[in-house]
Amino acid sequence: MDCDMFLNMLDNYDNLSELEKEQLSNHAKECESCRRELEFLESVIATTKTLPKLEVGEDFLKDLNLRIDKEDIKLNRHTRHFKRNWQKYSAVAASLVLVAVIGANSDMFVDKMGNNDSGVIDEVATTVAPKSETVALPATETPKNEPSKSENAEKTEKTVQTQNADTKTEAVTVRENAVPAVSGNSQRNVQRATATPKSTAAATLKPTAKPAQEEMPSYTSEPVATDEPQNDDNGYSLTTDAPVGQYAMGEDYSISSSGTMYEIGIMTVNSKQYDRAMGILIECINGSVGDCYTINASDLGTLEARLTNAGVEFDAYMPEHDGIITFKIVKY
Amino acid sequence: MNEAELIKKCKNGDRNAFGELVTMYQSKVVNMSYSLLSNREDAFDAAQEVFLRVYRGLDNFREKSSFSTWIYRITTNVCSDFLRKRQRTISTISVSGAYDDDEDKELEIRDSAPTPEEYAQANEKQRAVMRALSEIKHEYREIITLFDIEGMNYEEISDVLKIPTGTVKSRLNRARGAMRKKLSENMELFE
């Protein structure tokens, strides 16, 4: 072995076999300069492995728990905000469901209605007041990414009522000759709906924070259900199967032309903190699609933790599945 | 109680179980952060952030990788974030132009090198290595930290950093070269 070969092997020190290390050592015994190089490298590695360590005292865990408690209180505020406004959010979500279902079945409605222009769905789609009698409260379980099937109006009505019965909500009456609200006069535009929700909600509504506790949590708090869909205080489920996609329904929602149903999350952010939130968001997302952002489900926790740590006030209503989550940001 | 049971309890919101998990990993996380950030205060801040993310993200931990791989990955990510923030702070100051004489407005940048107190606890060789570690590229410091200081093998490092094992090996070789270059002036210390 010559010195060049020795130095090349030294560059690959960690991958050398026992035999190769022995060859290195043998050459080092014969060559002073190479011996110094080998000793230098081995000494640096040995020193690096034994650098002084920091001691971690009891205060570390105490400080951590204080921070968590502080953030839990902040998150409780968000959960209470959501709970105060659940009717509004549910009303919006319900109107989306109806408009979407009718939009998906628009051809059939056009056939059935003939020239009848009266649209019950006008009432439903554009009325988002929490106490509206025509509002349907959403269904419990939502099959994900299922294409919507063509159904007749009767079936639609029955479906809505069955779902409502399951969730013990008020029944919604959907008239058989209902048509979606249209932006123009043409009945050919039946696929385009113009419902403009007054407030915002996700296609799937589920508070991401754990259930609120009214006082500082003790360290033996009750287990929190993670897999079951969460209901609000009145036992109403907060999931819908509203399809979303490309046609604009208003500034915050869209429906795909194929009627394929998928879920888009919503993150509402205090407009005064929007810039700060966006700075953090950009580091956590993995891209954008149209006016939506995409994020790995596994990174969602990190995003929310970072927003909370930065003092950003936000609410997140995200679909619950693995893989890529698509969501929008809405300022309030 | 084993780790899997602890994690299950944590997922169910058991704060005592979470406290036990923190106690199991806090030294590792703090010292890994210390090696990556070269600063004691930053190391503790970063470690707190790591456990906060663990706490918030436990529901998303699907157990495809081991828990330790997951927590070390969060640690390297948090430390990278800290370094980016540190870099942005330094860049902001360097382009701000004329300095304001008003002491109240003086910006404080945390020195990234080990403090005199930290140096005092180390011998001369250790001090030289700590200084060199703080001066090499972050990706080299990561590799040296995980391989030499934390004693991980190539596969474990590959999992944590999400890079192929071939990249781990080549990066380690280059990291050794970088350390050697930084320490060549102090070669006599290591004889």
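A residue counts as buried if 20 or more other C-beta atoms lie within 10 Å of its own, as exposed if 12 or fewer do, and as partly exposed in between, with C-beta atoms placed from the backbone. The model looked at here is predicted, so local features need pLDDT of at least 70, side-chain atom pairs count only at pLDDT 80 or more, and totals for chains, interfaces and linings use all residues. Residues are numbered from 1 along each chain as its sequence is written, while chains are lettered from A and ligands numbered from 1 in the order in which they are written.

The buried stretch takes in B:Arg141, B:Glu142, B:Ile143, B:Ile144, B:Thr145, B:Leu146, B:Phe147, B:Asp148 and B:Ile149. Just after H7(B) comes B:Gly151, with a positive phi of about 70 degrees. Helices (H or I, at least four residues) and strands (E, at least two) are DSSP runs, numbered from the N terminus.

H7 also turns up where the chains meet. Here 44 residues of chain B are in contact with 43 residues of chain A, contact being C-beta atoms, placed from the backbone, within 7 Å of each other. On the chain B side, two or more residues each come from helices H2 (15-37), H3 (40-57), H6 (124-135), H7 and H9 (165-183). H2(B) gives the largest share, 10 residues.

Now for chain A, which has 10 helices and seven strands. Buried residues make up 34% of its 332 residues. Five strands of chain A form an open sheet with mixed pairing, in the order S4-S5-S7-S3-S6; two strands pair if DSSP finds at least two bridges between them. At the edges sit S4 (287-289) and S6 (314-317) of chain A, each pairing on one side only. Neighbouring strands of the sheet are turned by 30 degrees against each other on average, direction ignored.

Strands S5 (residues 292-296) and S7 (residues 324-331) of chain A run antiparallel and are joined by four bridges. Within this pair, A:Ile295 stands opposite A:Ile325 of S7(A). Helix H10 of chain A (residues 297-309) packs on the sheet, touching S5, S6 and S7 of chain A, and its direction makes about 110 degrees with that of S5(A). For such angles, axes are lines fitted to C-alpha atoms, for helices over the stretch in contact, and values run from 0 to 180 degrees between N-to-C directions.

Technical notes
Contact = placed C-beta atoms within 7 Å.
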